[in-house]
Amino acid sequence: MARKRPKDPGVLHGHHVVSGPELRAAMEAAADADETARVRRRVLHGVVLVLLTGLIAAGIIVALAIINGRLRIPAAEPAPTPVSSCPASMFDYTPSEKINLNVYNSTSRPGLARTVADELLARKFVVGNVSNINAGYRGVAAVVSGPAGQAAAFTVQRNVQGSDYFQDGRTDASVDLILAQDYKVLVPPDLVDQTPGKLSCPRESRRTADTEKLPVTPAAASAS
């Protein structure tokens, strides 16, 4: 008759029985892990406390320096007020027969300068040069004169709604009308406002500033 094997005290019903030494070892390992976590938390708290203390100390030093006048914080400067290049004077409506006017076409529409010049002649403007030119201005039309021609330029603007005034260095009272891409038609004669007013510079209120002082230096080509 075969002898029975002695039972393994470390196994019960197929499961390992934890011995006292193993249990103590597991508990010691858990205690070591808890202690490591506590040490890390203490170190982190210490670092945060040092940083906060440093920030508070720095704030106190800066505040004392400002109070004592040793440190000055520059005040925000207001944005410079844009200076208008548009004359502010009031002008009376000048009779058209007293205005010497040149008409220039800076668009791609052939014959535009001639057409508009004929319309202005019918309004008794004294029309001189009628030509095609290349202009840097973008808008309805540019009205250009010297200081002596500002009253005449005011009258021309009242006939060309949306036009933009520019002053150049000429000494006579002549006026240049430079037709640009947005030009459509003249103001109907019976709707022209002839009350006193100011010259108009709509480019100054555009979102993108027009950096050119003058729209063009007229270099007349063939009449058109």
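Me: Leaving aside neighbours within four places in sequence, which residues is leucine 101 in contact with?
Reply: Contact here means heavy atoms within 4.5 Å. This is a predicted model, where local features need pLDDT of at least 70, side-chain atom pairs count only at pLDDT 80 or more, and totals for chains, interfaces and linings use all residues. Residues are numbered from 1 along each chain as its sequence is written, and side-chain values use heavy atoms, with hydrogens and water left out. On that basis, leucine 101 has Leu120, Phe125, Val126, Val127, Gly128, Val156, Val175, Asp176 and Leu177 as its partners.

Me: Which residues touch the most other members of the largest nonpolar core?
Reply: A nonpolar core is a set of buried (under 20% relative accessible area, 1.4 Å probe, protein chains only) Ala, Val, Leu, Ile, Met, Phe, Trp, Tyr and Cys residues joined through side-chain atoms within 4.5 Å. The largest one has 29 residues. Those touching the most other members are Leu101, Val103, Val116, Leu120 and Leu177.

Me: And which element gives this core its largest share?
Reply: Helices (H or I, at least four residues) and strands (E, at least two) are DSSP runs, numbered from the N terminus. β3, α2, β4, β5, α3 and β7 each supply at least two residues. The largest share is five residues, and it comes from α2.

Me: How many disulfides are there?
Reply: The rule asks for a pair of cysteine sulfur atoms within 2.5 Å. Cysteine 86 and cysteine 201 are joined, S to S 2.0 Å. They sit 115 residues apart in the chain, and both are buried. So by this rule the count is one.

Conventions:
Buried means under 20% relative accessible area, exposed over 50%, partly exposed in between (1.4 Å probe, protein chains only).
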